[in-house]
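Dear colleague,

Please find the structure below, handed over for your review. A summary of the findings follows it.

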Amino acid sequence: QTIVMVTHDPIAASYADAVLLLSDGRIAGHIDRPTADSVIDAMREVEKNVNPERVLDALDPPCGERAD
């Protein structure tokens, strides 16, 4: 049986057998047997690699265009 949970809560994520981290709709990391601390560390690493211009583009796309 498989359950998919989407959360920003590292404690909730630590109950999973594995965690996939997403950024810009892509898999940005994977943790087997996560702990709350390992999830927090991984989330910080992913956050370091986020392009701020891409975030701004997604928040405010030009009229008539959609963000990727």
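What share of the contacts in the chain with a separation of 6 or more comes from residues 24 or more positions apart? Such pairs account for 19% of them, a contact being heavy atoms within 4.5 Å.

The model is predicted: local features need pLDDT of at least 70 and side-chain atom pairs pLDDT 80 or more, while totals for chains, interfaces and linings use all residues. Residues are numbered from 1 along each chain as its sequence is written, and side-chain values use heavy atoms, without hydrogens and water.

The chain contains three helices and two strands, in the order α-β-β-α-α from the N terminus. These are DSSP runs numbered from the N terminus (helices: H or I, at least four residues; strands: E, at least two). Of its 68 residues, 16% are buried (under 20% relative accessible area; exposed is over 50%, partly exposed in between; 1.4 Å probe, protein chains only).

Strand 1 (residues 18-23) pairs with strand 2 (residues 26-32) in the antiparallel sense through six bridges; pairing requires at least two DSSP bridges. Two residues separate the strands in this hairpin, and Asp 24 in the turn has a positive phi of about 55°. Leu 20 has His 30 in strand 2 as its bridge partner.

Leu 20 also belongs to a nonpolar surface patch with Leu 22 and Ile 27. Ile 27 lies in strand 2 and counts as exposed because its relative accessibility is 61%.

Kind regards

Technical notes: Patch = residues over 30% accessible without salt bridge, like charges linked within 9 Å, V, L, I, M, F, W, Y side chains within 5 Å. Areas by Shrake-Rupley, 256 points an atom, 1.4 Å probe, with all protein chains shown as cover. Salt bridge = Lys/Arg side-chain N within 4 Å of Asp/Glu carboxyl O.
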